Amino acid sequence: FPGLADVSVSQDIPVEGEITVPVGSNSPDDDYSTLDEPVKDTIMRDLKAVGKKFVHVMYPRKSSTLLRDWDLWGPLVLCVSLALMLQGGSADSKDDGGPQFAEVFVIIWFGAVVITLNSKLLGGTISFFQSLCVLGYCVMPLTVAMLVCRLVLLAGAGTVSFIIRLIVVGAMFAWSTLASTAFLADSQPPNRKALVVYPIFLFYFVISWMILTFTPQ
Amino acid sequence: QGGGSAVIDMENMDDTSGSSFEDMGEMHQRMKEEEEDEAEGEAGAGEEEDGEFLGMKGLRGQLGRQVADQMWQVGKRQASRAFSLYANIDILRPYFDVEPVQVRARLLESMIPVKMINFPQKIAGELYGPLMLVFTLVAILLHGMKTSDTIIREGTLMGTAIGTCFGYWLGVSSFMYFLAYLCNAQITMVQMLSLLGYGLFGHCITLFVTYNIHFHSLFYIFWLVVGGLSTLRMVAVLVSRTVGHTQRLILCGTLAALHMLFLLYLHFAYHKVVEGILDTLEGPNMPPFQRVARDIPVVSSAVLNTTAKAMALTL
């Protein structure tokens, strides 16, 4: 078969194609060195990144750090801690009147996904995971409010405690909404900011309501 | 024969790792290029013949290549399908193209019945307003269930609220669209969704007020006035788009019944009525039709109740 003899890989046909490099590593050297570093370094680096983002939420300024290097560690930690703290809030121990762990989890993530889709459909320039990251990190004031509420409820469950809780939750709700609006509304066309802010308002309102109506067993 | 066909003999290849996926891809690409140069029909027939001709090893190689080929194609097809599914979000984009002033105007318009029913009324095919109204209704429903201590056995509070509201919006819209198709009304699915969605604005207002101030008579007034206004608007728009008395009657009767009954259902099913028992327990001090909260952990409803009672006494 003389015609088949020249069909071979090595000499005649140059190897072509695309080498896709994973986005995270800048150079092979970098990858190599972070693989060799002690675990403590990796954890500390990630913790520092998460901590920096928490600080950004506490003092909302228009910075692009939260948007650029998104990560979902912070939202996961906040979501899990909020869901754990909201456990055991049923008035009747036989039936489950309070939110279950899975319920809180699903509300937060499903709500965040809906808001992201909504902002994308309205013509937003932010990416899916960046928006999830911002919304998740801005749950932090409400987690702090939950902590405060639990502490206040340890003291008693009267009218005064309710008013304190109402003020605290209300303030944290406003803070959450303002913080997330500061990051997300910039990515929208200017005349449609209200359309994006309203679902965020509703989302944090539902979470605040769950926190406010929580009473321990 | 070898020069005219696109067969690559695996035995003569330097790299014999036919199981490698990337190699399959490369070979597949090269095969495609060679096929483009020659007649395509010949290649298919030539492959099978040559496979048998080359003996067992060649046949297995051919088979392996074909299987890997198919896997490559299926994988590519799946990836492109997934990508087009993501891009499907862009299909919904024109329905979200609204300005805040438009949404506000449409919300207010949904409570005003139109007078001109001989001329087909324009319905905006927009999904942002209805979607937000459904979510608002879910939030209000959650609030009502919480304050009335509703106990859901099989399921969760949130799941029930979302299921009810979305089920109503999507289900009744589809049913009304089907009826409209039968009655020859000129309305599209998106328009029906939009119309029904904006009709929920009345429901939101009514429930928001009556979940906080627990007076039965107040609820009935709101049900008739607010619910009635939004129903009248939807009915008028539908009538303007339908021809024939029977068809108009069927469509509008169904819509009015479903809309008003849904509001009734939301009020009574998710809002425990504790009437007769507590009347006998607490004595004649309680005025009739007074909703009393039992074992409600939130003090707010008690506060609101006493406020309402005080207001009722002063009026």
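**Note on a two-chain predicted model**

1. B:Asn184 is exposed, because its relative accessible area is 61%, where exposed means over 50%, buried under 20% and partly exposed in between, with a 1.4 Å probe and protein chains only. B:Asn184 lies in the loop between helix 6 and helix 7 (189-210) of chain B, and although B:Asn184 is not a glycine, its phi is positive, at about 60°.

2. On conventions, this is a predicted model in which local features need pLDDT of at least 70 and side-chain atom pairs count only at pLDDT 80 or more, whereas totals for chains, interfaces and linings use all residues. Residues are numbered from 1 along each chain as its sequence is written, chains are lettered from A and ligands numbered from 1 in the order in which they are written, and side-chain values use heavy atoms, with hydrogens and water left out.

3. Chain A contains ten helices and zero strands, the elements being DSSP runs numbered from the N terminus (helices: H or I, at least four residues; strands: E, at least two). Of the 217 residues in chain A, 44% are buried. The accessible surface of chain A is about 11,600 Å², and carbon and sulfur atoms account for 68% of that area, as computed by the Shrake-Rupley method with a 1.4 Å probe. Among contacts in chain A between residues at least 6 apart in sequence, 74% join residues at least 24 apart, a contact meaning heavy atoms within 4.5 Å.

4. For chain A, the UniProt record (unreviewed entry) lists "transmembrane region" at residues 70-89, 101-122, 134-156, 162-184 and 196-215; such positions are given in the numbering used here, feature names are shortened, and annotations may be inferred rather than shown by experiment. In the model, residues 101-122 of chain A are 95% helix and 0% strand, with end C-alpha atoms 32 Å apart, while residues 134-156 of chain A are 87% helix and 0% strand, with end C-alpha atoms 35 Å apart.

5. For chain B, the feature "transmembrane region" is placed by UniProt (unreviewed entry) at residues 127-145, 157-183, 195-214, 220-240 and 249-270. Residues 127-145 of chain B are 95% helix and 0% strand, their end C-alpha atoms lying 27 Å apart, and residues 220-240 of chain B are 100% helix and 0% strand, with a separation of 29 Å between the end C-alpha atoms.

6. Helix 6 (residues 157-182) and helix 9 (residues 245-269) of chain B pack with their axes 10 Å apart and at an angle of about 170°, the axes being lines fitted to C-alpha atoms over the stretch in contact and the angles running from 0 to 180 degrees between N-to-C directions. Helix 6 of chain B and helix 9 of chain B are therefore roughly antiparallel, a description that applies over 145 degrees. Residues in this contact include B:Tyr168 and B:Phe175 of helix 6 of chain B and B:Leu258 and B:His259 of helix 9 of chain B. The contact residues comprise twelve nonpolar, three polar and no charged (nonpolar: Ala, Val, Leu, Ile, Met, Phe, Trp, Tyr, Cys and Pro; charged: Asp, Glu, Lys and Arg; polar: the others, Gly among them).

7. Two leucines of chain A may be inspected individually. A:Leu67, in helix 4 (residues 65-68) of chain A, touches A:Ile126, A:Gln130, A:Val134 and A:Phe183, not counting residues up to four places away in sequence. A:Leu202, in helix 10 (residues 193-212) of chain A, counts as buried because its relative accessibility is 10%. Leaving aside neighbours within four places in sequence, A:Leu202 is in contact with B:Met132, B:Phe135, B:Thr136 and B:Ala139.

Terms used:
Angles under 35 degrees count as roughly parallel, over 145 as roughly antiparallel, 65 to 115 as roughly perpendicular and the rest as oblique.
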